[in-house]
Amino acid sequence: MDFSCRVEFVSWFLQHNAVNPDFGATVLFTDECTFTREGAFNTHNHHVWTDVNPLATYSHAHQRRFSINVWAGIIGDHLLGPYLLPERLNGGKYLTFLQQVLPNMLNDVPTHIRRVMWFQQDGAPAQYVRDLRNYFDITFPNR
């Protein structure tokens with residue numbers, strides 16, 4: 001997400017919070033991360049800054065590689081997850097998670113919050129397929 005999108009999001013959030021001071025408690029903030037033997041790896045957060053070698057790369061320390069995808073969310077004072085996602089996540093698998101797993105994870109969230117809940121995510125490729133956007137439009141209308 002570039003700087004202008006972040007500023008736009010913060011502005012939007014503050015406008016909603018001005019109308020409803022409890023607005024932040026109705027937003028389900030979510031993220032997913034891939035953990036590997038080398039640690040947590042997120043290409044959006046991994047940068048190599050160097051003045052000496054502008055072509056520097058990240059070296060892997062292990063011959064046998066493995067990875068695990070983990071999803072977690074937080075809404076108000078409720079932590080959801082962690083939930084292990086498939087190794088190769090695509091829109092269909094993510095939609096299955098949203099339809100079959102997430103509703104059970106939301107059981108402890110009060111109904112009055114679930115009815116007005118906003119779903120925030122980072123727009124990863126698997127989250128931006130058409131079927132998923134249609135699902136969100138139906139499940140969270142105008143949100």
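Predicted model: local features only at pLDDT ≥ 70, side-chain atom pairs only at ≥ 80, totals over all residues.

**Entry 1: a buried threonine.** I started with T26, which counts as buried because its relative accessibility is 9%; buried means under 20% relative accessible area, exposed over 50%, and partly exposed in between, with a 1.4 Å probe and protein chains only. T26 sits in the loop between α1 (3–19) and β1. I looked up what T26 touches, leaving aside neighbours within four places in sequence, and got I75, I113, V116, M117 and W118. Contact here means heavy atoms within 4.5 Å.

**Entry 2: ground rules.** Residues are numbered from 1 along each chain as its sequence is written, and side-chain values use heavy atoms, with hydrogens and water left out.

**Entry 3: the overall layout.** I find 4 helices and 5 strands in the chain. These are DSSP runs numbered from the N terminus, with helices being H or I of at least four residues and strands E of at least two. Reading from the N terminus, I get the order α-β-β-β-β-α-α-β-α. Buried residues account for 26% of the 143 residues. I also checked the contacts between residues at least 6 apart in sequence, and 63% of them join residues at least 24 apart.

**Entry 4: the other threonine.** T30 is in strand β1 (residues 27–36). Buried or exposed? T30 counts as buried, because its relative accessibility is 6%. Its side chain reaches the backbone oxygen of Q120 at 2.7 Å. That goes down as a polar contact: a pair of N or O atoms within 3.5 Å, where within protein one must be able to donate a hydrogen and the other to accept it, and residues adjacent in sequence count only if both atoms are side-chain atoms. Beyond four places in sequence, T30 is in contact with W71, A72, G73, F119, Q120 and Q121.

**Entry 5: the core.** Which residues touch the most other members of the largest nonpolar core? I get W71, L80, F97, L98, L102 and F119, out of 21 residues in that core. The elements giving two or more residues to this core are β3 (67–75), β4, α2 (91–105) and α4. The most come from α2, with 7 residues. For the record, a nonpolar core is a set of buried Ala, Val, Leu, Ile, Met, Phe, Trp, Tyr and Cys residues joined through side-chain atoms within 4.5 Å. In soluble globular proteins, nonpolar side chains tend to be buried together.

I then picked F119 out of that list. Leaving aside neighbours within four places in sequence, F119 is in contact with L28, T30, Y94, L98, L102, F136, F140 and R143.

**Entry 6: two helices side by side.** The axes of α2 and α4 come within 9 Å and cross at roughly 25°. The axes are lines fitted to C-alpha atoms, for helices over the stretch in contact, and angles run from 0 to 180 degrees between N-to-C directions. On the α2 side I see G91, Y94, L95, L98 and Q99, meeting D131, L132, Y135 and F136 in α4. Sorted by class, this contact has 6 nonpolar, 2 polar and 1 charged residues. In that scheme Ala, Val, Leu, Ile, Met, Phe, Trp, Tyr, Cys and Pro are nonpolar, Asp, Glu, Lys and Arg are charged, and the others, Gly among them, are polar.

R130 is also in α4, and it counts as exposed at 61% relative accessibility. R130 and G91 are 39 residues apart in sequence, but 8.5 Å apart C-alpha to C-alpha.

Entry 7: Where is the cis peptide bond? It runs from G81 to P82, with omega near 10°, and P82 is in strand β4 (residues 78–85). N142 has a positive phi, near 60°, and is not a glycine. N142 lies in the segment after α4 (130–139) and counts as exposed at 77% relative accessibility.
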